[in-house]
Structures are given as structure tokens and as C-alpha cells.
Amino acid sequence: MAYALQQLINGVSLGMIYGLIAIGYTMVYGIIGMINFAHGDIFMVGAFLSLIGLLLITSSGMLDGAGAIVLVLALSMAFTALYGWTVERIAYRPLRGSFRLAPLISAIGMSIVLQNYVQVAQGARVKPIEPVVHGGFTLMRDGTFAVQLSTMQILIITTTLAILGVFTWLVTKTPLGRAMRACEQDRRMASLLGIDTDRTISITFVIGAALASVAGTMYLLRYGVIDFYIGFLVGVKAFTAAVLGGIGSLPGAVLGGLLIGLIETFWSAYFSVQYKDVAAFSILIMTLVFMPTGLLGRAEVEKV
Amino acid sequence: MAPILTVEKLTMRFGGLTAVKEVSFTAAEGAITAVIGPNGAGKTTMFNCITGFYRPTGGSLVLHHGGQEVALHRLAGHRIARAGVARTFQNVRLFAGMTALENLLVAQHRKLMASTGFGIGAVLGLSGYKAAEQAAIGRATAWLEACGLIDRADDPAGSLPYGAQRRLEIARAMCTEPALLCLDEPAAGLNPRESTALGELLRAIRDGRAAEGAAPCSILLIEHDMGVVMGISDHIVVLDHGSKIADGTPAAIRADEKVIAAYLGEGDEDEHEDSAA
Amino acid sequence: MSLAHPRRPVLGAALKDAGLAALIAAGLFLPMVGLRTDVGPTGALFLRTRWTDVLLLVAIVFAGRFLIRLWQEWRAERHGPSLQKRLAGPMLRLGRFVAPALLLFALLLPLIPGIGRYELDLGILVLTYVMLGWGLNIVVGLAGLLDLGYVAFYAVGAYSYALLAQYFGLSFWICLPLAGLLAAFWGILLGFPVLRLRGDYLAIVTLGFGEIIRLVLLNWVSLTGGPNGISGIPRPSFFGLAFTAGGGPGSFADFFGLEPSPTHRVVFLYYLILALALLTNWVTLRLRRQPLGRAWEAMREDEIACRSLGINITTTKLTAFALGAMFGGFAGAFFATRQAFISPESFTFIESAIILAIVVLGGLGSQLGVAIAALVLIGGFEVFRDLQEWRMLVFGAAMVLIMIWKPRGLVGSRTPTVALSEKRTISAAMVAEGRG
């Protein structure tokens with residue numbers, strides 16, 4: 001029981017990270033109908049920028065603790081957003097309205113570029129850091145096993161929820177959000193009504209990248225080690241989360257993220273660690289085959 | 001006259017919405033049967049049930065062909081075509097990147113495939129595939145001629161003008177050698193001259209004189225433009241709000257009060273739009 | 001645009017544009033390039049600054065953007081068709097000679113003086129990708145089914161041969177068809193559940209399958225040796241004659257009375273993969289003119305219309321999957337016998353991505369385009385071997401650039417399979433790319 005509770009906590013904090021990235025996939029898919037293959041690598045860039053920011057702040061000794069983390073988050077979000085914007089501008093915008101496969105190949109190319117750019121710029125070696133956030137609570141004791149809820153996990157969960165709150169407000173209550181939803185429904189019509197669709201799409205990428213960078217920061221702080229290759233696997237799992245939740249649905253992305261996080265954690269805890277990725281991929285396949293609209297997605301009916 | 005298609009209490013529900021409600025009628029062999037009705041009357045839904053794109057919620061669809069009765073409502077989509085029902089689409093669905101001739105050869109896939117020994121023989125250059133292909137090209141040529149498209153045989157279907165695309169789609173459906181040809185608003189988007197020519201073509205198809213070696217073929221068409229339908233149909237079924245409100249010869253339909261009410265009440269504007277187009 | 005613009009505003013606009021690009025570049029490169037994380041003597045990370053590199057990069061972006069803008073203005077001011085359009089005619093005429101010329105070159109390559117072991121190895125590598133590209137072209141190019149996990153079948157072929165040879169001592173020539181059949185079997189097995197899926201979803205599911213197969217190979221240590229792979233895979237023989245270095249009795253060199261040389265085997269392998277690739281091409285070209293191939297293309301154009309014509313979508317899709325997988329399996333078996341060592345590392349997602357990129361960059365459905373794309377991408381990749389870690393970066397950038405330059409690939413047009421009078425190529429704009 002205690003063991004399961006501990007897995008639940010771990011799963012939720014991991015799932016929050018997936019959920020943050022999944023939002024980027026789901027938004028871009030919703031608005032331009034493409035899988036932004038480079039999104040996982042944007043998350044990786046976010047993690048590296050967080051690392052650089054963290055080293056910069058701690059080595060200068062300006063701030064520590066909560067202040068430092070907030071500053072790291074802000075810096076990393078801003079610079080990662082710039083990467084998100086640039087990727088869209090360079091690799092996707094020239095192909096808008098082109099054949100469907102072209103943006104996909106372009107996105108795969110961009111993913112290769114980002115991975116190897118970071119490898120060249122920052123080196124291929126893994127980057128370990130000292131734990132930044134210490135402490136936590138012991139929730140429960142069951143014999144020798146203690147259920148821990150670390151400050152880090154609290155931080156991940158609260159930050160994610162706070163950012164999600166801001167973001168939901170942005171999409172549901174502001175003119176920008178309205179423009180985004182209009183583009184999602186019908187891009188041509190939206191542009192006829194005077195919405196700058198290019199700009200709206202750019203902003204979608206910027207927001208997606210910023211959220212991915214938050215996930216990058218959390219990943220760095222939680223696991224304490226990153227390398228240039230983390231984007232692929234985490235990206236695929238986050239995409240799985242987006243699909244599981246129902247692509248195009250924002251609450252679905254978070255829900256899917258949580259489910260994937262929980263499944264992965266429990267699978268590792270009770271079955272086998274080696275096959276945890278097999279489990280994630282199997283879920284991806286089963287969702288797409290048996291429930292292609294996901295949990296909260298809308299069904300698409302083909303007109304004859 | 002012998003029936004070609006018997007529709008018995010056909011019902012189609014989408015969630016809470018009943019698009020087609022217990023519709024029954026019979027299409028006679030060797031005749032042109034039209035299903036008409038204002039927009040949203042359930043014509044296309046019924047059509048999709050007959051051609052296997054929807055599975056009806058209730059009722060039965062029976063095709064009488066070659067002395068056999070085939071229950072269409074139990075067949076998978078592609079098997080309905082094999083049973084002898086061919087169709088066209090409201091928004092033309094040609095293989096745009098393939099030539100007109102290739103489109104017509106794809107329609108003869110089944111026959112050709114059997115002659116290739118299911119692919120293996122043909123790769124090795126065995127079997128009587130050559131002769132079968134020549135026959136298929138011959139049939140395709142006959143239909144291209146029938147539709148006045150023989151000059152465009154080697155042009156991609158997507159580059160043809162709209163009217164020609166509609167005719168090519170009919171030719172493609174006919175190349176499957178059907179017993180029943182189902183046309184989904186065949187006159188939509190055609191100008192008056194093209195509409196008249198279409199009427200001619202359909203009558204020729206019905207009587208089996210459209211192309212060389214073609215057998216007579218019964219036709220079921222849906223249309224919401226009454227004008228087109230009256231001229232060419234032998235028998236008309238009128239739907240409104242998913243139910244059948246009338247069934248008879250064009251003259252009888254023209255005089256039917258319920259039909260006039262349905263069209264004057266709801267379909268009036270649509271009709272004007274359509275005849276203007 | 002056609003009105004003569006005064007020179008100055010153009011220059012000013014280009015400068016402003018380039019300045020903006022430089023500003024963005026500064027934002028991108030300042031943290032990521034300017035601040036390098038290194039492991040210090042204590043094991044902790046520290047930041048090393050590299051401002052000159054950043055400055056250099058930003059200057060390159062500024063100059064590059066400026067020149068591109070000027071070039072665009074210059075092009076817009078000139079009248080007449082673009083370079084691409086003017087070249088279209090001669091290119092088409094030239095195109096007719098390219099395929100025979102390439103084939104002749106491929107056939108004669110080992111005989112050309114100055115061609116050594118390195119060039120032949122490179123030729124084998126390129127031909128392996130040509131074959132994989134042609135195999136995947138059946139699935140993606142003809143049938144329009146987007147497959148991002150093609151490497152799985154390559155892996156199945158390679159491991160089939162390696163395991164059959166290891167456990168049952170079967171020879172390469174028996175294993176080759178078996179590997180193809182096993183891969184085709186897996187193709188059908190994986191094809192079944194994904195039949196209903198379309199487009200990107202199909203791509204992601206196939207990606208998932210590819211990764212699952214790799215992860216199973218990686219973790220099923222007792223059978224596959226896990227990350228250590230399988231080594232000592234037997235080499236192929238020439239109709240029972242072995243290629244042994246010593247040239248003992250019963251060897252290839254001994255039988256033909258030749259001086260024993262390691263080049264013999266390389267030349268043999270070269271012709272082997274050339275033959276396999278040409279077999280793939282021959283089968284594909286032949287099938288394209290058959291009902292099956294036409295049904296694939298029709299399915300790519302419009303699946304619903306296919307159904308209305310009585311074409312069984314299920315079997316048509318499965319044959320495409322199975323056939324594509326079979327050629328992938330052949331290529332895998334060849335890969336195993338050439339390397340004599342395989343491990344899961346050779347079958348990562350990036351391989352699938354590269355093969356798909358070859359097909360798309362070459363032009364969906366075009367056999368010649370795929371061959372050229374494989375030559376350019378894989379050959380180019382080798383040529384830039386001195387770039388070392390920059391190589392992959394250039395590779396990815398090339399993928400993006402070629403897509404932007406030619407979204408339909410190098411050869412985007414389609415040749416009809418049959419004609420009453422004359423076959424005219426169909427422009428890419430007409431041809432659908434499939435939704436499945």
C-alpha cells in the first residue's frame with residue numbers, strides 16, 4: 001500500500017512533465033494538423049537552457065532557492081520560446097499549404113538539426129548537476145518503507161498547475177485564444193475575417209515551446225542529469241499522452257500525460273524496468289488503433 | 001416489371017437523430033428510379049446505406065441480380081460493389097493523378113486481378129494477362145467514346161473540366177459492369193446543355209446501348225432538382241424529413257399535393273439557387 | 001514589384017531585415033553557444049564563455065540573410081520564367097539518359113581503375129539505401145501509407161539471418177528468402193491493426209512498432225545478445241565457394257586460379273546488393289503496370305472511391321506492407337552478412353527517418369528520384385566525413401532545405417502506366433500523396 005502510494009506520487013510528478021510537453025503537440029496538431037516532430041527536442045533545448053541559466057545564477061551567487069528557480073524558469077522560457085518561433089519560421093512556414101509529407105520530413109530534419117546542434121554546442125557528454133531543491137516530507141511509514149513527498153515533487157506539481165491555470169485563461173478568455181481556436185476550426189475563414197493566421201500560428205509555437213521549457217526545467221531539477229538525446233523518447237511519450245488524451249484537447253493532454261506517467265511508473269515498479277518503454281509504445285499503438293479519438297477528443301467523421 | 005432493388009423499412013439513426021425512417025420502395029429492373037426530396041430529406045444517407053458506406057440501423061436492402069437475392073445490408077463495403085452495385089459521388093471522387101484510361105482500368109481491377117493469378121503470375125510474365133488487359137482497355141475505350149472523352153484518355157483525370165469529370169466517373173462506375181448504377185446528384189454543377197446530354201447518356205445506359213458490348217443497367221439516382229429528374233425518370237420516390245411521402249410516375253408526382261407542399265414549403269430557395277448555378 | 005524600384009529602399013529594407021535576423025540569432029546563440037557547460041576538475045559543471053563564436057555566427061546570419069534578401073529582390077525584378085522553369089525542358093530530356101547512365105555506372109563501378117576498397121564499400125552502402133528506399137517506396141510512394149518504422153523489417157531480416165545461421169547453421173542463400181518471408185510475415189502482422197489508421201496516426205503507430213522491435217531486441221538478451229548484438233555471422237559463399245583470405249582449397253580464388261585477395265569478397269558483395277536492389281526495382285516497375293500496382297496508386301489517390309469499385313482495401317494495403325517489408329528483410333539479411341556483426345544500435349528510429357527522407361526527397365513513387373536521393377544523401381554524408389560531429393547537423397539541415405526547395409521531391413511527376421496514344425508525365429500538382 002505504502003509502496004503503491006509512493007509510485008502514485010512519483011507517477012503524478014512524472015506525468016506533469018509529460019503533460020506540459022503534450023500541450024505543445026496537441027496545440028500545434030490542432031492548429032496546423034501536423035506532428036511537430038521537433039517538439040521533443042525543443043523540450044531538450046529547454047532543459048539545456050535551464051541548466052545554463054542555473055549555472056549562471058548559482059555561480060554568480062546572486063540568488064538561491066526559490067528566487068533562483070523562478071529566474072531560471074523565466075530565462076529558459078523566454079529563450080526556448082525563441083527557438084520554437086525560429087523552428088516554425090524556418091522549417092514549417094515556407095511549407096504551409098504544401099503537401100502533407102513535406103512538413104513532416106522538414107520536422108524530422110529539424111529534430112536532427114536541434115539534437116546535433118546542442119551536441120556540437122554543448123558536447124555529447126551527460127550533464128549532471130547537484131540537487132538544487134532539498135527536503136521533503138515523510139507522509140507515511142510502513143515497516144521499513146517510508147513514503148516520501150519531496151519538495152521537488154511539490155514544486156513540479158504546483159508549478160505545472162499554476163502554469164496550466166494561466167495558460168487555460170489565455171486560451172479561453174483572451175482575444176489571442178479566440179484567434180487560436182478560430183484558426184483551429186477553419187484557417188482560411190479565420191484569415192478572411194481578418195485574423196493574422198501566420199502570427200497566431202507563431203504564437204502557438206512560442207507558447208508550446210515555453211511550456212516545453214518548463215518541462216525541461218522540471219526534468220533537469222528532478223532527475224539532475226540531461227543529455228542532448230533526451231528529447232526523442234520523452235517527446236514520443238508526450239505525444240502518446242497527447243493522443244491518449246485526445247489530440248486537440250488541452251485538458252486531454254494533461255490527463256494523458258498523467259496517465260502515461262502513472263503507467264510508466266507502475267509498470268517499472270511492478271513488472272520490469274527494461275520494458276517500460278515497450279509499455280509506453282504499446283499504449284500508444286493500442287490507443288490509436290482502438291480509440292483514435294482519445295479520451296477527450298472529438299470524433300472526426302469522413303463525409304462521403 | 002421485375003424488381004432490381006427492394007428497400008424494406010430502411011432506418012438509419014445517428015445518435016438521437018433519425019435521418020431515414022422506415023422507407024420502403026422498389027426499383028424496377030431496366031428502369032431509371034429517382035429519389036428526390038428537399039435538402040436534408042435523407043437522400044444521401046439512404047444512398048450511402050445502399051452502397052455500403054453506412055450500415056443501416058434497421059430494415060433490409062435486397063438486390064435481385066442474376067436470379068439471386070443478395071442482402072446488401074449485410075455486406076462489407078467492397079463486396080457491395082462486387083455484388084453489382086456501382087456508384088458515383090456528389091463531390092466527384094476520381095483518381096486525379098491517374099489518367100482517364102487508368103481510372104477505367106482500376107475499375108476493372110477484379111477481373112484483371114483474377115487473370116494475373118493474383119499478382120504472382122503477372123510479375124513473372126505468365127498467364128493470359130496480356131489478353132485480359134487488352135480486353136479491359138477495349139472496354140475502357142468503348143466507355144470513353146460513349147462519354148465523349150476518347151480524346152482525353154491520356155490526360156490526368158484531375159485536369160479535366162468539371163462536366164467531363166462527372167461523365168468519367170459514370171464511365172468508371174460502368175466499367176465495373178454493374179446491375180444497378182447509383183448516381184449521387186449527377187446533374188449538380190452542370191450547365192443546361194450538359195444536363196440534357198447527361199439525360200441522353202443515362203437513357204442509353206439503361207437500355208444497354210451506351211457503349212459497345214454493354215448490358216442494360218438499371219439506374220437509381222438522387223437529385224434535389226426536380227426539373228432534371230422529371231425528364232428522365234421512369235419512377236420517382238419522394239423523401240421528406242427522412243420519410244417517404246410519395247412514390248409513382250413523374251406525372252403522378254407532379255400532381256401530388258404533399259410533394260408540392262414539401263418543395264414549396266422548404267425547398268423553394270434551394271431550387272432557385274440550383275437552376276441558376 | 002515589376003515597377004522599377006529605386007535602389008536605396010531595397011538596400012535599406014534588406015539591411016533592416018538582416019539586422020532583425022542577426023538579433024534573433026544573437027538570442028539563439030548567446031546562451032547555447034556562448035555559454036558552454038563543461039565538467040570541471042571537481043566533477044561539477046562550470047560555464048566556459050565563447051563570445052567570439054557567437055559573434056561569428058551572428059555575423060554569418062546577418063550576411064546570409066542580407067544576401068538572400070538582395071537575391072530575392074533581384075529575382076523579383078527580373079521578368080521571365082524562373083531558372084527552374086527554364087531548365088525544366090532540358091532537364092526532362094536529360095532525365096531520359098540519367099537512369100541508363102546510372103545503371104551502367106553501377107554495373108561497371110568495380111572495373112573502373114582507381115576504384116578501391118573504400119569506394120566499393122561506399123557503393124555497397126549507397127546501394128543498400130537505394131534498395132531500402134525502393135522497398136519503402138512501395139509502401140509510401142505507391143500505396144500512400146506513411147511508414148515511420150520501416151527499419152523494423154530491416155532488423156527482422158538481419159536478425160533472422162543471424163539467428164538462423166547461428167542456431168541452425170543455415171547458409172546465406174537459404175536464409176535470404178527466409179529472412180524476406182519472415183519480414184513479410186511481420187509486415188502483415190503489423191499491418192493488420194493499423195489498417196484503419198490514416199496519415200500521421202499511421203506514421204506514429206509504425207514508429208511505435210519499430211521502437212518496440214528494437215527494444216525487444218535490446219532486452220531479450222538470452223536470444224539476441226542484447227546490446228552486445230550477434231557477432232561472427234557467416235559470410236556468403238559464391239555458389240559454395242568461400243572467400244577465405246588464405247585462398248585454401250575450395251575457396252573462390254583457388255577455384256578460379258586467382259591470386260587470393262580480400263577485394264574479391266567486396267566485389268562479390270557489391271554485385272550481390274546491386275542484384276538485390278535491381279530485383280526490387282524490377283518487381284516494383286512490373287507491379288506498377290499490373291492491376292495490383294494500379295490499385296495501390298488508386299488507393300493513394302482515393303480510398304473511398306476504391307471501395308466503391310469493389311477493391312478490397314484490406315488485402316491491397318497488406319500486400320503493399322508485406323512486399324515492402326520483404327525487400328526490407330532482404331536488405332537486412334544482406335546487411336548482416338556484410339557486417340558479420342549486428343546489434344540493436346543499427347536499427348534506431350533515425351534509420352527509418354533517413355529511409356523515409358530518401359523516398360520523400362527523391363519524389364514519392366519515382367524509382368529514379370529515390371536512387372538519386374540515396375546517392376546524394378548517403379554519398380554526401382560520406383563525403384562530409386571530415387566534418388565529424390557537424391555531419392549530422394548538416395544532414396538534418398539539408399533535409400529541411402531540400403524540402404523547402406522542392407516539397408514534392410526531386411522527381412515529383414508521375415508517368416502513366418498505360419496509354420492509348422502517348423504517355424505524358426503527370427505533374428506533381430495532380431498526384432495525391434495518400435492519407436493512409
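A residue counts as buried if 20 or more other C-beta atoms lie within 10 Å of its own, as exposed if 12 or fewer do, and as partly exposed in between, with C-beta atoms placed from the backbone. By that rule, 51% of the 277 residues of chain B are buried. This is a predicted model: local features need pLDDT of at least 70, side-chain atom pairs count only at pLDDT 80 or more, and totals for chains, interfaces and linings use all residues. Residues are numbered from 1 along each chain as its sequence is written, while chains are lettered from A and ligands numbered from 1 in the order in which they are written.

**Chain B overall**
- Chain B has 11 helices and 10 strands; these are DSSP runs numbered from the N terminus, helices being H or I of at least four residues and strands E of at least two.
- Its C-alpha atoms fill a box of roughly 65 × 40 × 35 Å along the principal axes.
- The radius of gyration of chain B is 19 Å, which agrees with the value near 19 Å for a compact globule of 277 residues. That radius is taken over C-alpha atoms, and the globule rule is 2.2 Å times the number of residues to the power 0.38.

**Domains of chain B**
- Chain B splits into domain 1 (1-84 + 178-277) and domain 2 (95-177), with bounds from an automatic or database domain assignment.
- The C-alpha centres of these two domains of chain B are 26 Å apart.
- Their contact takes 15 residues from domain 1 of chain B and 13 residues from domain 2 of chain B; two residues are in contact if their C-beta atoms, placed from the backbone, lie within 7 Å.
- On the domain 1 side, α8(B) gives the largest share, three residues.
- That side of domain 1 of chain B holds 10 nonpolar, two polar and three charged residues. Nonpolar means Ala, Val, Leu, Ile, Met, Phe, Trp, Tyr, Cys and Pro; charged means Asp, Glu, Lys and Arg; the others, Gly among them, are polar.

**Chain C and its contact with chain A**
- Chain C consists of domain 1 (7-77) and domain 2 (116-405), whose C-alpha centres lie 40 Å apart.
- Chain C brings 48 residues to its contact with chain A, and chain A brings 52 residues.
- On the chain C side, α7(C) supplies the largest share, 12 residues.
- By class, the chain C side has 36 nonpolar, six polar and six charged residues.
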